[in-house]
Amino acid sequence: MQAAPFPSGPPSAGTGGIALPTADATRPRVAGRRLLALCLGSLGVVYGDIGTSPLYALRECFHPGHGVPLTPPNVMGVLSLVSWSLLMVISLKYLLYVMRADNRGEGGVLALMALAESSLPRRSRVRGIVILLGLFGAALLYGDGVITPAISVLSAVEGLEVAAPALEHLVVPITVFILVSLFLVQKRGTERIGAVFGPLTLVWFLVLAALGVAHIARAPAVLAALSPHFAVAFLFSHRLHGVLVLGAVFLVVTGGEALYADMGHFGLRPIRLTWFALVWPALLLNYFGQGALLLEHPDAIENPFFLLAPAWMAAPLTLLATCATVIASQAVISGAYSLTRQAMMLGYWPRMRIDHTSAHEIGQIYLPGINWMLMLGTIGLVMGFGSSSRLAAAYGIAVTTTMLITSLLAGFVARYRWGWGTMACLVLTGLLLSVEASFFSANVSKVAQGGWFALGVAVVVLTVMTTWRAGRQLLARRVQAGLVPLEDFVELMTVEPTTRVPGAAVFMTSNQGVAPPALMHNFIHNHAVHEKVLLLTVVTESSSTVDDDKRVEARSLGHGFVSVVAHYGFMESPDVLRLFARPDVPHLAIDYTTFFIGNEVVLAEGGEGMSRWRGALFAFLARNAVRPTRFFNIPTERVMEIGAQVEV
């Protein structure tokens, strides 16, 4: 049997059991050139998604299916909704509130889930609800990760319809080519190309602002739409149709989750400064510039973004927009890698191959399995929907649901971690939920038009997460039923004829104080035990990283046995070879050390453990999970596997 069922340890470890304390990371205050460098870097990684929304958001607000005519009052109302959505959702909720909830500097829905769960009272009945909310929010982001590259790149390439109408039939093939190229270069990592992301995105936002200012200057009265009364009047006059338009207005804030998820790369201060100093003003100027254009030329609704530019600029603007959307897609793809690693370390996803593409940044990783799944899904969407306008129908429902979940989880953190009063938490959470619930209700109508895709992806991912977690817990219980206390094993060694073999043996175990199954099997069949036996337990904490001085706990158990407990955060990858090179770990000569790894063959029998179909799914996941030797970086030539069959 495999001694360590999963890096997160037994069911009581990680976020599924005991509430492990976390310490919010405090970054050193940066200033000067370092601050500017971080701000520039955050442009390309953090703001790529929300920065490409002007390509399609305002156009979709006046989609014929919404039944809202393109009139000056309606243009002013939509612009008011856009400006106040950016203020309420991005500026207030994420930048000033949610991003305070950092898990040792890391953000994202799973990091927030771990933070909220570890803040709750130990026996709180809400703990299970918090975990389920976090998992569902993470599952929804996979759907977003498939849709975002498709709609972003497709909307940019559609600029050919303005720059070169004769090439309109090549929009889909060119989009597919760009997306395939994007996914093929992922294995090279973002370290080399990351240096150009910030400057290119800086040019993009400056162009957004310049295009907007040029048209606002011709119709400055459009700035009156900053007043919220235009938004209120629009919603009251159109009612149901106005609610449908909200589903399109929501497209302007769809990069909000990326702000929080990518916080660990740059820190809160650079992200805030970049938003308030450049990104927010540039977006507002561009949206209001498009509004001014529509007031003068209503027929420009066909593609208001590209028609902002003079004819000579159409081709270079299409190229720049394509580069911007590729950068935005890169951020979403990298986020999917990071999210998957978090889920693996927390025990909610099967082990997968992880390639580290940077020797300096732990966040720069590449997961081939996730990469190819995203590529196939993205290409399928582009070919199936054919245009960004049709694809917009599938966009929004997943993100709005994730934002609702983020608000709920942040409320738990504010109440139980920050110590806010119950009333204050209820008022703030209620305000945020009321805004996002309106967006959610507007996007519900998109389910039949394409939103089913994102929800379908989320359901599949959630099923995998919960099945893997439940299967590992069931497997751990089955294994634990046959465990023998280490003291009893030592006593058995004195009774039975036992040979102490020269050298050392490492047994991975998720249960301290007991003899690992692999050790018992080896003893029973061979009547031999190594002179040195190291029992290694890898525990995943509910914080993103673990301080180096708290990484390892080592203690002698007598009779040549040593217990080593290695602690890792959910943003870190276990590395056994590096672990044994530490001075606080008993020295082992790797060339004379044998690693005993259990190999459990899962049999899907169904019964009281889990249903037959879930058992079959868990067995499939277990068979295809990456071997522990690769996941834990164990030298394969020094490994001995001991197999066993376990029914679930």
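**Buried helices, a covered strand and exposed loops**

Gln342 is buried, with a relative accessible area of 4% (buried means under 20% relative accessible area, exposed over 50% and partly exposed in between, with a 1.4 Å probe and protein chains only). The model is predicted, and local features are given where pLDDT is at least 70, side-chain atom pairs count only at pLDDT 80 or more, and totals for chains, interfaces and linings use all residues. Residues are numbered from 1 along each chain as its sequence is written, and side-chain values use heavy atoms, with hydrogens and water left out.

Gln342 belongs to helix α16 (helices are DSSP runs of H or I with at least four residues, strands are DSSP runs of E with at least two, and both are numbered from the N terminus). Leaving aside residues up to four places away in sequence, Gln342 touches Gly107, Leu110, Ala111, Phe570 and Met571 (contact means heavy atoms within 4.5 Å). Ser329 is another residue of helix α16, which covers residues 314-345. Its relative accessible area is 0%, so Ser329 counts as buried. With residues up to four places away in sequence again not counted, the contacts of Ser329 are Thr148, Pro149, Ser152, Val153 and Leu182.

Strand β8 covers residues 561-568, and eight of its eight residues are buried, so β8 is largely enclosed by the rest of the structure. In a regular strand the side chains alternate between the two faces of the sheet. In β8 both faces are covered: Phe561, Ser563, Val565 and His567 are buried on one side, and Val562, Val564, Ala566 and Tyr568 are buried on the other.

Which strands pair with β8? Strand β6 (residues 528-540) runs parallel to β8 and is joined to it by eight bridges (two strands pair if DSSP finds at least two bridges between them). Within this pairing, Leu536 stands opposite Val564 in β8. Strand β7 (residues 552-558) pairs with β8 in the antiparallel sense, over six bridges. Here Val552 stands opposite Ala566 in β8.

The hairpin of β7 and β8 has two residues between the strands. His559 is found in this loop, and its phi is positive, about 60°, although His559 is not a glycine. Most residues other than glycine have a negative phi, and most peptide bonds are trans. The relative accessibility of His559 is 54%, so it counts as exposed.

Arg239 also has a positive phi, of about 50°, and is not a glycine. It lies in the loop between α10 and α11. Is Arg239 buried or exposed? At 63% relative accessibility, Arg239 counts as exposed.

On the α10 side, Phe234, Leu235 and His238 make the contact, and on the α11 side Leu240, His241, Gly242, Val245 and Leu246 do. These residues divide into five nonpolar, three polar and no charged (Ala, Val, Leu, Ile, Met, Phe, Trp, Tyr, Cys and Pro count as nonpolar, Asp, Glu, Lys and Arg as charged, and the others, Gly among them, as polar).

Ala393 is found in the loop between α18 (388-391) and α19 (397-416). With a relative accessible area of 12%, Ala393 is buried. It touches Lys446, Gln449, Gly450 and Gly451, not counting residues up to four places away in sequence. The C-alpha atoms of Ala393 and Glu436 are separated by 18 Å, and the two residues are 43 residues apart along the chain. Thr636 lies in the loop between α26 (628-631) and β10 (639-647). Thr636 counts as exposed, at 56% relative accessibility. From C-alpha to C-alpha, Thr636 and Phe595 are 8.8 Å apart in space, while in sequence they are 41 residues apart.

How many disulfides does the structure hold? The structure holds zero (a disulfide is a pair of cysteine sulfur atoms within 2.5 Å). Among the cysteines, Cys61 is buried at a relative accessible area of 0%, and Cys425 also counts as buried, at 7% relative accessibility.
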